[in-house]
Structure formats: C-alpha cells, structure tokens
Amino acid sequence: MRIGELAAAGGVSVRSLRYYEEQGLLTSVRSASGQRHFKDTDVDRVVFIQRLYAAGLSSRTIKDLLPCVDAPSEATSDAAMERMERERERLTAHIDDLTRTRDALDGLMATNRAHRRTLRQPARPRSA
C-alpha cells in the first residue's frame with residue numbers, strides 16, 4: 001500500500017508516517033520511481049505507535065520498545081519491561097509535578113474568590 005493509503009487507514013497524516021520512518025519506527029520499500037510502499041500489517045503498527053504516543057512516550061522510547069514487538073524473546077521482553085518501568089517512573093514524577101501545580105493554582109483561585117467577595121460587600125458606614 002502507498003503512503004496515502006496507509007495514512008488514511010491508520011488515521012494519521014502522511015507527514016507523520018514520514019516522521020515515523022525517519023525515526024526508525026516504520027519501514028517501507030521504495031519502488032523504482034521512489035514511491036514508498038508499506039505492508040498491510042503496517043496499519044496495526046501505526047495504530048500501536050499512536051497509542052504509545054498518546055501514553056506520553058517519545059519516539060526514542062517507542063523505538064526501544066519495538067524489538068519486543070518485532071522479535072519477541074526473553075531478552076527483548078526484559079529490555080522492554082525495564083524501559084517501560086523507567087517511563088512509568090518518569091510519567092509518575094511528571095503527574096506529581098502537575099498535581100502540585102494544580103494545587104497551587106487552586107490555592108490562588110481560592111484567594112482570588114475570597115478577595116472578590118470582599119469587593120462585593122457594601123461599605124460599612126463609619127461611626128463618628
């Protein structure tokens with residue numbers, strides 16, 4: 001299948017497929033005229049790559065995980081598990097940072113709400 005067909009079937013742009021190929025995540029065979037041709041099974045690979053990107057993984061990490069998909073073995077499985085554990089730790093730390101940032105923003109919003117309530121209260125008459 002040609003690159004446009006794979007893009008449509010995988011729900012990605014042609015540009016994304018070119019990027020995947022540049023990063024070593026996807027391979028094609030070139031015709032005599034230079035057109036890229038992909039296997040039908042590459043649709044599943046593109047969908048899988050998209051899932052990994054959606055999970056927050058980088059192209060470098062995805063490339064490190066693909067040997068486990070392409071040639072499953074005990075060694076590739078162990079390497080993939082170690083890489084996924086490191087990624088999980090990285091994501092957990094990032095989530096913790098985001099949670100602290102959200103909590104700080106919640107505090108600022110609460111302070112702002114309290115201040116706005118004081119602005120809406122009618123002024124009290126001064127006693128002489």
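Close-up 1. Arg 100 is exposed, because its relative accessibility of 51% is over the 50% cut-off. The model shown here is predicted. Asp 97, the partner of Arg 100 in a salt bridge, is partly exposed, with a relative accessible area of 39%. Nitrogen and oxygen lie 2.2 Å apart in this pair. Both residues belong to helix H5. They sit three residues apart, about one turn of the helix.

Close-up 2. A salt bridge joins Glu 87 to Arg 83, with 3.9 Å between the closest N and O atoms. Helix H5 holds both, four residues apart, about one turn of the helix. Glu 87 has a relative accessible area of 7%, so it counts as buried. Arg 83 is buried too, at 13% relative accessibility.

Close-up 3. Arg 45 and Asp 70 meet through their side chains, at 2.6 Å from N to O. Arg 45 lies in helix H3 and Asp 70 in helix H4. This pair links distant parts of the chain, 25 residues apart. Arg 45 is buried, with a relative accessible area of 18%. Asp 70 is partly exposed, at 49%. The whole structure has seven salt bridges.

**Close-up 4. The largest nonpolar core.** This core has 18 residues. Leu 6, Leu 17, Tyr 20, Leu 25, Leu 26, Val 46 and Ile 62 touch the most other members. Helices H1 (3-10), H2 (14-22), H3 (42-54) and H4 (59-70) each give two or more residues. H3 gives the most, with four residues. In soluble globular proteins, nonpolar side chains tend to be buried together.

Close-up 5. Glu 82 belongs to helix H5. Its relative accessible area is 46%, so Glu 82 is partly exposed.

**Close-up 6. A positive patch.** Arg 113, Arg 116, Arg 117 and Arg 120 make up a positive surface patch. Arg 116 sits in helix H5. Arg 116 is partly exposed, with a relative accessible area of 43%.

**Close-up 7. A nonpolar patch on the surface.** Leu 105, Leu 108 and Met 109 form this patch. Together they have about 290 Å² of accessible area. Leu 108 is part of helix H5, which covers residues 74-120. Leu 108 counts as exposed, at 59% relative accessibility.

Notes. Residues are numbered from 1 along each chain as its sequence is written. This is a predicted model: local features need pLDDT of at least 70, side-chain atom pairs count only at pLDDT 80 or more; totals for chains, interfaces and linings use all residues. Side-chain values use heavy atoms; hydrogens and water are left out. Patches are made of residues with over 30% relative accessible area and no salt bridge: like charges are joined within 9 Å, nonpolar side chains (Val, Leu, Ile, Met, Phe, Trp, Tyr) within 5 Å. Accessible areas come from the Shrake-Rupley method with a 1.4 Å probe; for residues, only the protein chains shown count as cover. A salt bridge is a side-chain nitrogen of Lys or Arg within 4 Å of a carboxyl oxygen of Asp or Glu. Buried means under 20% relative accessible area, exposed over 50%, partly exposed in between (1.4 Å probe, protein chains only). A nonpolar core is a set of buried Ala, Val, Leu, Ile, Met, Phe, Trp, Tyr and Cys residues joined through side-chain atoms within 4.5 Å. Lys and Arg count as positive and Asp and Glu as negative; His and the chain ends are not counted. The place of a charge is taken as NZ of Lys, CZ of Arg, CG of Asp or CD of Glu.
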